[in-house]
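Subject: Structure handover

Hello,

Here is the structure I promised to pass on. Please open it before you read the notes below.

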Amino acid sequence: MKKHAELIAALFSGALIVITYFTFHDSEAAPFLYSAAYLIGGFFKAKEGVIETITERKLNVEMLMIFAAIGAAIIGHWLEGALLIFIFALSGALETYTENRSSQELRALLSLQPNEATRMTASGKERVPVDQLQVDDLVIVLPGERIPADGIILKGVTSIDESAITGESIPVTKAEGNEVFASTVNSSAVLEICVTKPAQETLFQRIITMVQTAQEQKSPAQHFIERFEGPYVKTVLMLVLLLILIPPFIINWSFTESFYRAMILLVVASPCALVASVMPATLSAISKGARNGILVKGGSHLETLGQVKAVAFDKTGSLTVGKPSVTDFLVSKNAEACIVLEAAYAIQSQSSHPLAKAVAAYAHADSIEQAEQVKDAAGQGMKGIWLGEEWRIGKASYMQKKPADQRLTDQADALAAAGKSLVYIENEQGLAGVFALQDTIRPEAKAAIRSLSKLGISTIMLTGDNDQTAKAIAKEAGITTYRANCLPDEKVAEIKELESSYGTIAMVGDGINDAPALATAQVGIAMGNGTDAALETADMVLIKNDLRKLADAIKLSKRMRRIIKQNIIFSVAVILLLILANISQYLGLPLGVVGHEGSTILVILNGLRLLR
């Protein structure tokens, strides 16, 4: 309730205005009720304006709105002042609500950091906080545990789930001498690791730091508003002061007339219509996007999306479904396909390894005898006895017999060259078959890339995967430019390079490793089934994982930008016209109120067209 207090106060102020206007407008109680609306609705923005004026020693739009409301009250137009306060307070409350969400962005990342590690000492093992680990410390990591620090494996062979760093869904085999990273998951063996970096300098910690840095960077639009705000307020207040003091001595206006004209100027020059030019259009576009499966975390992000010249895509989980599946099955001329599939299922169904699960799903067979004496060779494969015969399934190096079917070997080499992972299976007679696996492309990816191309937007793929796999996926998706073997900090560097080449860049990703790039790009877009870190860091989320919605979001952004531009031009023109008419004494207060509020209503209605 407390974090929504500003929004609740603004809405309550609006309700009080409506009740007063229709029930007590002509009564003696009206000024008191409108005063209450002033205080309730304007408290937060007035407090913000006063504090900012004192600390930064410069006036701001919040102070101008306070002066305008007070001016309206002085000349007896309490309703006008109350409406000014309400509209400004409502826009400010919604802006505050959006900004408060930014504090949640790092929670998912921080939750993945191990808190403690098992350190080896001369006296034995001890549990210590991760931040106490020093370079050259020896740590023990059990199967299923997250690695506490960057280091080198001294003892043990295992599969490491590095999706937190590279985004690649397939675990990587690591042995003695290989480098491992903090917060990745040890799958299947006890490891002894020598720490090479303190906790504050690990690759994972650098990911967190990059997200923080990118989120603190201000957008060009925000810098423009900050530069514009001070001069605008000073100009309006100076004109009001001049209008009070000068006309009685130059054009024989009475002081009463000059003060009256000055108060009208203060009211008509208030940025109410300018604020309304953006907020209703933005909220309408956000609502329209939400109905179409596009979650936008702020209007500025949706506005920026319309300026995007290129979109960078992560591969795994974004362009692809995010998990391996069997795309090809080859069988030796000396074996029967059905027997090979049943044997593969009998063994692989007893493993939780992603590749084994994919093979088991492909080779699924009901009512078959389970394999016995199944053993898992970490990082290599599995073996077991099925129907009295020993079968092996795994890497080529795990097979014991030389392949006798050259045709099968040639076909397997061609699949490997296409970027696919190979799982071999052999029995006591020799190589029986080969499974080719790949993280398959999303069905809608090709259409999404074509839609972006029609909009004149370039597409690039950034992936931590190897060059062969990256090339194959990029070609299938219709993407001509790709970067392979990218770690998170390298993806950030690529985004910055793309910005220098194209201008405004959007990044689409789903993994923890994508968080820095999502935060660095002008618009970060997460897949709906992505990790918490990606969802929290991104500026937009494709709720239903449909990449085709990205082109729809860009079209919506362009339409919103057109309407906002129309509104701003119209509202500024009306303000200038009302000011000139007021100085020329052709504008009375009633007509000024009609012109000012009428322009506000028109720009709001124009913005609401985006809901259609």
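The notes below cover strands, aromatic rings, a surface patch and cysteines.

First, the basis. This is a predicted model, where local features need pLDDT of at least 70, side-chain atom pairs count only at pLDDT 80 or more, and totals for chains, interfaces and linings use all residues. Residues are numbered from 1 along each chain as its sequence is written, and side-chain values use heavy atoms, leaving out hydrogens and water.

Strands

Helices (H or I, at least four residues) and strands (E, at least two) are DSSP runs, numbered from the N terminus. Two strands pair if DSSP finds at least two bridges between them.

Start with strand S14, residues 381–386. S14 runs antiparallel to strand S13 (residues 372–377), and four bridges join the two. Glu 372 faces Ile 385 of S14 across this pairing. The two strands form a hairpin with three residues between them. In that turn, Gly 379 has a positive phi of about 75°.

S14 also pairs with strand S15, residues 389–394. Six bridges join them, again antiparallel. Here Gly 384 stands opposite Trp 391 in S15. This is a hairpin too, with two residues between the strands. Leu 387 in its turn has a positive phi of about 55°.

Elsewhere, three strands form an open sheet in the order S6-S5-S8, with antiparallel pairing. Strand S6 (172–174) and strand S8 (185–186) each have a single partner strand, so they stand at the edges and one side of each lacks a neighbour in the sheet. Two bridges join strand S5 (residues 158–161) to S8. Asp 161 stands opposite Val 185 in S8.

Aromatic rings

How many aromatic pairs does a search of the whole structure find? The count is eight. Rings of Phe, Tyr and Trp (its six-membered ring) pair if their centres lie within 6.5 Å; planes under 30 degrees apart count as stacked, over 60 as edge-to-face and the rest as tilted.

Phe 329 and Phe 435 are a stacked pair, 4.8 Å centre to centre with 25° between the planes. Phe 329 lies in strand S12 (residues 320–331) and Phe 435 in strand S17 (residues 430–441), so the pair ties together parts that are 106 residues apart in sequence. Trp 386 and Trp 391 are edge-to-face, at 6.3 Å and 70°. Both Trp 386 and Trp 391 are buried (under 20% relative accessible area; exposed is over 50%, partly exposed in between; 1.4 Å probe, protein chains only). Phe 435 is buried as well, at 0%. Ring pairs also link Phe 329, Tyr 362 and Phe 435 into a cluster.

Surface patch

A nonpolar surface patch covers about 900 Å², and its residues include Met 238, Leu 245, Phe 249 and Ile 251. Patch residues have over 30% relative accessible area and no salt bridge; like charges are joined within 9 Å, nonpolar side chains (Val, Leu, Ile, Met, Phe, Trp, Tyr) within 5 Å. A salt bridge is a side-chain nitrogen of Lys or Arg within 4 Å of a carboxyl oxygen of Asp or Glu. Areas come from the Shrake-Rupley method with a 1.4 Å probe; for residues, only the protein chains shown count as cover.

Helix H7 (220–245) and helix H8 (247–250) each supply at least two patch residues. H7 gives the most, with five. Ile 251 sits in the loop between H8 and helix H9 (255–268).

Cysteines

The structure holds zero disulfides (pairs of cysteine sulfur atoms within 2.5 Å). Cys 486 is buried, at 5% relative accessibility. Cys 338 is partly exposed, at 44%.

Best wishes
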